[in-house]
Amino acid sequence: MTPEKDKFPLSRELTRFEELRNTADGMLPATVYRRLYECACNLPLGCDVIEIGAGSGAGTVALAWGLLERTEHARVIAVDRCYGGSRLRYGCFRENLTRLLATLNNNGVLNRVRLLAIDLNEYSYAQVFAEIGARRVGLVVLDADGRLDRDIPTLWPHLSDGAHIVVDDCIERTSYRPVSELYPVGGTKFTLTARIVSYLIKEGWLETVEAVGKTFFLRVIGAGYSLPKKIVCNIISIRDAIRLEWLAAVQTDLSRDTMKNHQSNDSYLWNYTEDLKP
């Protein structure tokens with residue numbers, strides 16, 4: 001279903017999404033939230049939306065607003081760990097979860113969102129797919145930890161024909177630093193995101209529809225089955241190369257205690273149990 005342009009003129013729509021950005025403490029431009037809304041309006045039939053990294057909930061609301069324009073009852077499966085990183089400024093897990101649920105409720109979209117407050121790994125992804133069931137995924141939004149090496153191969157077999165992937169922070173920017181609560185991925189998110197997206201575009205698996213700042217709207221080519229083993233292996237190689245860059249950049253700053261804490265955290269690259277080993 002295409003949004004009615006005369007019903008929601010551009011100026012009115014931007015004002016609507018600027019208000020959403022302000023009230024929900026959104027971190028993206030209002031134009032990105034409007035584009036998310038439009039993508040959800042045009043979701044293929046029989047599909048749901050998966051959002052990895054709900055954050056403040058502004059993007060989740062924009063997606064759900066788009067689904068409300070449709071006659072079919074589709075949902076946003078929103079995933080967020082609700083602690084650490086950009087959420088650190090708002091408090092602990094409970095405080096972030098409460099804020100996120102309040103944003104969804106205040107904007108009238110709770111009935112179109114299934115929120116999973118979990119850390120993603122090879123096991124917890126099963127909870128995401130349990131929510132999808134027999135339906136397909138028509139739109140994926142990736143704005144969490146930059147772990148596209150985990151997310152894209154895992155999600156690919158569930159994507160529909162004509163599916164789209166929206167990726168934020170898709171810019172080559174190196175600012176490696178020790179792992180901490182504020183930087184749980186050691187400052188590698190931008191680099192890992194940009195290099196994997198660039199590789200998949202070069203190999204013909206993704207094509208760019210639009211870029212709004214550092215947010216890329218991508219069309220999927222050849223969905224509905226697993227990515228070839230060679231492609232997955234190359235994605236993992238990109239991840240591992242960045243791991244070596246990170247280690248070389250920060251090893252002199254990492255204390256033994258920091259490394260011990262880092263190794264006990266299986267949410268990031270360096271302590272892989274090879275959850276995507278082909």
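In what order do the strands of the open sheet lie, and what pairing do they have? Select the strands to begin: this open sheet of 7 strands has the order β3-β2-β1-β4-β5-β7-β6, with mixed pairing, where two strands count as paired if DSSP finds at least two bridges between them. The model is a predicted one, in which local features need pLDDT of at least 70 and side-chain atom pairs count only at pLDDT 80 or more, while totals for chains, interfaces and linings use all residues. Residues are numbered from 1 along each chain as its sequence is written, and side-chain values use heavy atoms, with hydrogens and water left out.

**The whole chain**

Of the 278 residues, 51% count as buried, where buried means under 20% relative accessible area, exposed over 50% and partly exposed in between, with a 1.4 Å probe and protein chains only. Among the contacts with a separation of 6 or more, 73% are accounted for by residues 24 or more positions apart, a contact being heavy atoms within 4.5 Å.

Next select β1 (residues 47-52) and β2 (residues 76-79), which run parallel and are joined by 4 bridges; here V49 stands opposite V76 in β2.

Now move to β7 (residues 215-220), a mostly covered strand with 5 of its 6 residues buried. Strand β5 (residues 159-167) runs antiparallel to β7 and is joined to it by 4 bridges, and V167 has F216 in β7 as its bridge partner. Strand β6 (residues 206-212) is also antiparallel to β7, with 6 bridges between them, and the partner of E210 in β7 is F217. Select G213 in the hairpin of β6 and β7, which has 2 residues between the strands: G213 takes a positive phi near 65 degrees.

**Helices α2 and α3**

To see what makes the contact, show Y33, L36, Y37, A40 and C41 of α2 with A58, G59, A62, L63, W65, G66 and L67 of α3. Helix α3 is itself mostly covered, as 10 of its 11 residues are buried, T60, V61 and A64 among them.

**Helices α6 and α7**

Select helix α6 (residues 148-155) together with α7, whose axes come within 10 Å and cross at roughly 40 degrees. In this contact L148, D149 and I152 of α6 meet L192, T193, I196, V197 and L200 of α7. Staying in α7, centre on T191: T191 counts as buried because its relative accessible area is 0%. Leaving aside neighbours within four places in sequence, T191 is in contact with I171, E172, R173, T174, Y176 and I242.

In the loop between β5 and α7 (189-202), pick out V185, which counts as buried because its relative accessibility is 11%. The C-alpha atoms of V185 and R147 are separated by 9.1 Å, although the two residues are 38 residues apart along the chain.

**The nonpolar cores**

Finally, show the nonpolar cores, each a set of buried Ala, Val, Leu, Ile, Met, Phe, Trp, Tyr and Cys residues joined through side-chain atoms within 4.5 Å. The largest has 45 residues, and those with the most contacts inside it are L142, W156, L159, I165 and L200. Helix α8 (residues 229-250) supplies the largest share of this core, 8 residues. A second, separate core of 37 residues includes L28, C39, C41 and V141.

End on W156, which, not counting residues up to four places away in sequence, touches I165, W205, L206, V220, I221, G222, A223, G224, Y225, S226 and L227.

Definitions and conventions. Axes fitted to C-alpha atoms, helices over the stretch in contact; angles between N-to-C directions.
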